[in-house]
Amino acid sequence: MAAEQAVDVAGPATEPAELGQSELGQSELGQHELGRRLVSLHRVIATLRRECPWDRVQTHASLAPYALDEAAELAEALQAAHDALSSEPNQTVAATATEDLVEELGDVLLQVLMNAAIGEQAGTFTLVEVLETVEAKMVRRHPHVFRRDPSAPVPTDAELSVQWEEIKAAEREARSHRIAAREARDSQTASPSG
């Protein structure tokens, strides 16, 4: 069931416990609520995939247009919230823009969870793999945050740009190696032996 694991081009990812208390201002109780809500929503999506005729027949391909629409709506809501929160003295407008942003973020999250549910049902990947993959990617792409020697100077924007390009190049190379290995395995399995 597990998808092939990505090659970690920069070493092992930092474990969440090593990241410290939430930098987003969440208390331990708030972090527990976050986990509880994510599990609850995951169950809602699983129920929809079982019991709703429309949701049950959706595929990655059939959801693709909705994902594009939701991403576009999120981009509009992000800009509107930025504009409202940075320059709008009217609290009603700012509150409405924030509510709209929260709703659009939820719609994009729904797309992620629905596609993860499809993957889980097909046995190709799980939501846990999606979460692990994005966490590892963020840690890997930010060694200046997660692996920096505390006595070292903070890198400049120019140094970060070079580092970013090096990391992306290493990720592309690792991906091409994974694809080549998969193709070699597949061709060996498909070839008649002797």
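In the predicted model, the axes of helix α3 (residues 60-87) and helix α4 come within 8 Å of each other and cross at roughly 155°. Because the angle is over 145 degrees, α3 is described as roughly antiparallel to α4. The crossing of these two helices, α3 and α4, is left-handed.

Helix α4 spans residues 91-122 and contains E104. When residues up to four places away in sequence are set aside, E104 touches E70, E73, L74 and A77. Although E104 is buried, this residue has no salt bridge, and the nearest side chain of opposite charge, that of R37, is 19 Å away. Side chains of opposite charge can pair when their charged atoms come close. For a salt bridge to be counted, a side-chain nitrogen of Lys or Arg has to lie within 4 Å of a carboxyl oxygen of Asp or Glu, and the 19 Å between E104 and R37 is given for the nearest side chain of opposite charge.

In the protein as a whole, there are seven helices and zero strands, and the order of elements along the sequence is α-α-α-α-α-α-α. Buried residues account for 19% of the 194 residues. Of the contacts between residues at least 6 apart in sequence, 66% join residues that are at least 24 apart.

The count of salt bridges comes to five. R37, the residue named above in relation to E104, forms a salt bridge with E33, with an N to O distance of 3.2 Å. R37 and E33 are four residues apart in helix α1 (residues 28-51), and are therefore separated by about one helical turn. With a relative accessible area of 29%, E33 is partly exposed. R36 also takes part in this arrangement, in that E33, R36 and R37 are linked in a network of salt bridges.

A further group of salt bridges involves E171, whose side chain is paired with that of R140, the closest N and O atoms being 2.8 Å apart. Because E171 lies in helix α7 and R140 in helix α5 (residues 127-140), this pair ties together parts that are 31 residues apart in sequence. Both partners are buried, E171 having a relative accessibility of 13% and R140 a relative accessible area of 9%. The side chain of E171 also meets that of R141 in a salt bridge, at 2.7 Å from N to O. Since R141 lies in the loop between α5 and α6 (143-146), whereas E171 is in helix α7, the pair ties together parts that are 30 residues apart in sequence. R141 likewise counts as buried, at 11% relative accessibility.

Helix α7 (residues 157-190) is also the location of L160. Apart from residues up to four places away in sequence, L160 touches H144 and P155. L160 and H142 are 18 residues apart in sequence, and their C-alpha atoms are 9.0 Å apart in space.

How values were computed: Residues are numbered from 1 along each chain as its sequence is written. This is a predicted model: local features need pLDDT of at least 70, side-chain atom pairs count only at pLDDT 80 or more; totals for chains, interfaces and linings use all residues. Side-chain values use heavy atoms; hydrogens and water are left out. Buried means under 20% relative accessible area, exposed over 50%, partly exposed in between (1.4 Å probe, protein chains only). Lys and Arg count as positive and Asp and Glu as negative; His and the chain ends are not counted. Contact means heavy atoms within 4.5 Å. Axes are lines fitted to C-alpha atoms, for helices over the stretch in contact, and angles run from 0 to 180 degrees between N-to-C directions. Angles under 35 degrees count as roughly parallel, over 145 as roughly antiparallel, 65 to 115 as roughly perpendicular and the rest as oblique. A crossing is left-handed if the near helix is turned anticlockwise from the far one by less than a right angle, and right-handed if clockwise.
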